[in-house]
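Hello,

Here is the structure I promised to pass on. Please open it beside this email and follow along.

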Amino acid sequence: MTTPVCEVTRAIADLSQALASGRLTHPRSRHHAEELLKLLEDVSWGRGGTAHYAAMLDMAQTLIAEAPDDASRETGQQVLAALTQYQEVFTSHIDTCICPTGECVKLAPAPCQIACPAGIDVPSYLTLIGLGRDAEAVELIREDNPFPWVCGLVCTNPCEFMCVRGRMDESISIKYLKGFAAERAMSEGSYRNPEKAPDNGRKVCIVGAGPAGMTAAYFLALKGYRVTIFEALPVPGGMMMVGIPRYRLPREVIDREAEMIERLGVEIRFNTRFGKDVTFEQLRSEGFEAFLLAIGAHEAYKMLVRGEDDFPQVINAVQFLRRVALGDRRAPGGRIAVIGGGNVAIDAARTCIRLGCEQVTIVYRRTRSEMPAHEEEIIQAEEEGVIFSYLTVPKEIVGYNGKVTALQCLRAELGRPDEKGRRRPVAVEGSEHLLDVDAVIPAIGQTVDSECLQSVAQLKWSKRDTILANNITMATSVDGVFAAGDVVSGPATVVEAIGGGKKAAEAIDRYLQGIPQPEMPPVPVRRRRLECIELPASTKMILARPHMLLLNNDRRRITFQQVELGYPENAAREEARRCLRCDICRRCGLCVEICRDKMGVDALQLGYLDFDHPTATDFRKTAERCIGCGACAANCPNQAMVMRDQDGERIVSLCGTTLNRLKLQFCEACGAVIGPSRYRDFIAKRLKALSLPGDNRALCIDCARKSSAERQTDILPPP
Amino acid sequence: MSSYYLFQDSKKCIGCLSCEVACKSNKALSAGPKLCQIIAIGPKFVGGLPRTAFTFMPCFHCENPWCVAACPTGAMQRRAADGIVFVEQSLCVGCKTCMSACPWGAPQWNQETGKVVKCDYCMERVDAGLKPACATVCTTHCLHFGRPEEVPQVRRQRYAQAMSTFE
C-alpha cells in the first residue's frame, strides 16, 4: 500500500529544496520564492485565509514572469503546476483546516471525526459539553448534521470504534453525549437554527423525507433554496420513523428535529407518492431545477422458502415495523418467529414483546458472535425475554386452513468462511424440526422499491437494484437528478444517509450555480480550535464511561417507552472530560521518544499513542520521574504537550491533563525562574566531576553572565 | 580551552554593540538569544568622574565544558580538532540543561526553533579562513581573534608603560 502524500507538504518540500540548493541566485527570484514559501506554510499550518490560493497563484506567476534565469522559471512552473493540478487539495486545506493525510501536522484530523460519515467535529463538541455549553455544542454539530438528537439515540457510532480513549480503557460515549446536549438544548429552548442565506428563488425537489432527504433539505434551505419534499408516508423521518421502534427513538425526537428543518422554509408534502401522485415531468414543468431521490430501501427481501406467500401471518419486518409505527398496535400472534440476525430482526422481536406476544423467537442461522446486530441490542432483547435459536435455518412455513402453525427448521453447523470472512452455516442433514408459531416475521434484509422511479427515464441502476450515483457528488445518470441514502447504498445507517444528503446538497448547490463539481471525496471541517479542559492526571485516569440507566424490565416489556434513560448531568460532563482531544494531539509519540531515548528520563507512559500496538497508559506515572525540563513540550508540533510556570510551580500538561507539577526555584540575584530542584539535581548529577567556579550561587543565565563579567572587569585603570 | 583566543581590549571598547548585531545577523537570530553580549559594568566614580566598563561575554569554549557534560542528548559537543564547543542542532531537544549548567550563561534559548544556540566562534567562517562575525565589525578594533600566540600583548605593554617612568 502506498502512503497517501499531501500535495501541500510536497510543494513546500520542493520549494524549500529549490531555495536551499542555491540555484535561485537572483535576489528578486529568491524573494518571490521565499514569499511563496511563506504562503504555502500558512496553508500547511492552518493560517490560510480565503485570499491565500489566489495569492499563491499570483506569486508563482510573478516568479515565472520576472524570472531572470531558467532556475527561477522552473521553480515557478513547478509550484504553479502543483497549484493548478491539486487546486482542490490546497483549497480544502484552507477551508477545512484538515489535512486527511495528517502530514500537515497542525491539521491532522481526529480519528472520530474521520470515522463519522457526517464528518462532525467530535472533539470540539465534547469539549463544549464538558464545559456545560450544550447549546453551542448542538450548534456546532448542526454545522454538519441536522439530527444531533436522533443520532444521539440511534447512531451506530463508528466514531466510538475509532476512539483513541478505547485503546486506554473504554471509548468515550460520543453518541449519547450528543443526545444529551441536544435534549438539554431542546428543553431549554436554546436549540436554534443557524442564520439562513437570503432566498435565491430557485426550486429544488427532494423525494423522501428520511435522513438523507431532510439533511439535503436543511443544507439547501440554509443556502437560500426553496426546497419541497415529497413524502409518501403521513409522517416525516422515513426509516427513522417507521423502521426504528419508538422505545429506541421516541417520535417527539424526530418531530422536533424535522420541525426545525421545516422552520427554515422547507415544505413537506405528506401522503404524496412520487411517480403516482406527482410525476417527474409534472414537477419539472413546475419549475424544479434539481431533484434529489432519497426514497430509501423499504422493500423486504424474500426468504424464498415454501409457504412464504401462502399465509397472511407471514409479514416482513419492514412492513410490520411500519404498521406498528403508524399506530396499529395489534399483536401479530401469540408465538412469533423472527428470522434474521440484524438490528431489524431485534427491533421486530422486541416490538412483538411489547405488543404482548407470549413467545418470541429469533431464528438465526449462525451463532451469537456472528450476529450483525449491536451487542447492546442483543443483550436488551435477551433481558426482555426474546428467545434466540442459533444455528437454525428456516426451511418451510407450515400451516393449516390458511393459518401458520409452525416453522420447519434445520439445525446448522458453521462451515468454512465465505469471501467476507464470515463462517457459512451448513445444514445438518436430517435435522428437520418444527417450531410451533402463529406468525413469521422475516427480517433478512431490505432493498429498494424502485417502482415509483420508473418514470425517471435513463436512470441507471446497479446490479443490487440501487441507483448508480457518483459517490462524491451523488449525481445520477440523469442531468440535474441526484440520489442519496439507502436508495444508493442499499440498507445502511442513519448517519450514512445524513452524510450522503450533505454531499448531495453541496453538489446540487454547485450544479445550480455552475461551479465545477469536486473530484476529491469531501474532507470534514475543523469547526473550532478550543482550549483544552484542565484536569489532574488522576481524574483523567479514574473517570470511567458511565453505565446507561435503563427503564425497568417489566415496563420495557409492556410499553414503548424509551429504554435508555440517559446520563445524569454530572456523568455526562465528566464523560466529556475523558476525551483525549485527538484534534490537537496527533499521537506522533515524539514526546515519549524524546523523554525516554534522548533525555533518558522515561517519565511518559502513554501507550495509547501507538495505534497498532497500544501498551499501558498511566498519566499519573509522569509525576514520578518527570524533571520538568520541557523537552517534550519544546518538540510538540501542535502544542498538545505544554509546559508553563505558574504561581511558583512548573506545570507539564498534555491536552489539558496535568501530568506533573513541581515547585520552582528562583535566581538568587534577580528572582527569575531557574527551574525546579529536581531539574537542577538532574544537571548536578551529570556535572558531578566538575566543580562550579565562582560563589556557587543559584543564578539565572542572565545573572550568571553578568556576575562573571563583573568578576573579570576592573573599572579602575591598571596601576 | 580551544586553540583560538578571542581577546577584547576592554580599555578600547565603547559599548557600541556592533559585535552583538553582527553576531545575530550572521546567525539570523530573532530577538532573545545573544550569543555574545557586551555587559556594561558601572558607571562608578573614578577620580570624581563616572566610568563604565564594557565586558565582552562570548562563550569561553572551556577545556572541560559544563554544558557538554550536562547535555543528555549529545547535542552539545566539543570539536576535537580545535576545541570549539557547539550545538548539533539536529540532536538538541531543548531541555535547556546546558543553559542551567553553564556558569557563564553562554548557551542561549532560540524561541523560534525551540532549541539551544550558542557561540561557536562562527565555525563555518573560521573553517573558511575568516574571522568570527563579531571580530570583523568592531569599531574600535578592540576584538582580536586568532591563535593565542597571535593576539597582541597590549595589556602587558600597557602595564609596562604605566609602571615605567623616565622621571
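**Sheets in chain A**

Start with strand β4 (residues 288-293) of chain A, which pairs with β15(A) in the parallel sense over three bridges. Look for Leu292(A): its bridge partner in β15(A) is Phe482(A). Keep in mind that this is a predicted model.

Now zoom out. β4 and β15 belong to an open sheet of five strands in chain A, with the order β3-β2-β1-β4-β15 and parallel pairing. Which strands form its edges? They are β3 (267-269) and β15 (481-483) of chain A, and each pairs on one side only. From one strand to the next, the twist averages 20°. A helix packs on this sheet: α12 (residues 211-222) of chain A. Helix α12(A) touches β1 (203-207), β2 (226-230), β3 and β4 of chain A, and its direction makes about 165° with that of β2(A).

As a reminder, strands of a sheet pair through backbone hydrogen bonds, either parallel or antiparallel.

Chain A also has an open sheet of four strands, in the order β8-β7-β6-β13, again with parallel pairing. Its edge strands are β8 (387-389) and β13 (439-442) of chain A. Here the twist averages 25° from one strand to the next. Strand β7 (residues 359-363) of chain A runs parallel to β8(A), and three bridges join them. Ile362(A) has Phe388(A) in β8(A) as its bridge partner. Helix α17 (residues 343-354) of chain A lies across β6 (335-339), β7, β8 and β13 of chain A. Helix α17(A) runs at about 170° to β7(A).

**Where the chains meet**

How many residues does each chain bring to the contact? Chain B gives 42 and chain A gives 32. About 3,200 Å² is buried between the two chains, and carbon and sulfur atoms give 65% of that area. Across this interface there are 11 residue pairs in polar contact, both residues at pLDDT 80 or more. The count of salt bridges there is zero. On the side of chain B that touches chain A, the largest share comes from β2(B), with six residues.

**How confident is the model?**

The scores are ipTM 0.86 and pTM 0.90. Chain B has a mean pLDDT of 90, and 98% of its residues reach 70 or more. Among the elements of chain B, strand β5 (residues 85-87) has the highest mean pLDDT, 96. Helix α6 (residues 154-163) of chain B has the lowest, 76. Where pLDDT is low, the predicted coordinates should not be read in detail.

Best wishes

Conventions. Residues numbered from 1 in each chain as written. Chains lettered and ligands numbered in written order. Predicted model: local features only at pLDDT ≥ 70, side-chain atom pairs only at ≥ 80, totals over all residues. Heavy atoms only, no water. Pairing = 2+ DSSP bridges. Helix = DSSP H or I, 4+ residues; strand = E, 2+ residues; numbered from the N terminus. Axes fitted to C-alpha atoms, helices over the stretch in contact; angles between N-to-C directions. Contact = heavy atoms within 4.5 Å. pLDDT = per-residue confidence, 0-100. Buried area = accessible area lost by both parts, 1.4 Å probe. Salt bridge = Lys/Arg side-chain N within 4 Å of Asp/Glu carboxyl O. Polar contact = N/O pair within 3.5 Å; in protein donor to acceptor, adjacent residues only side chain to side chain.
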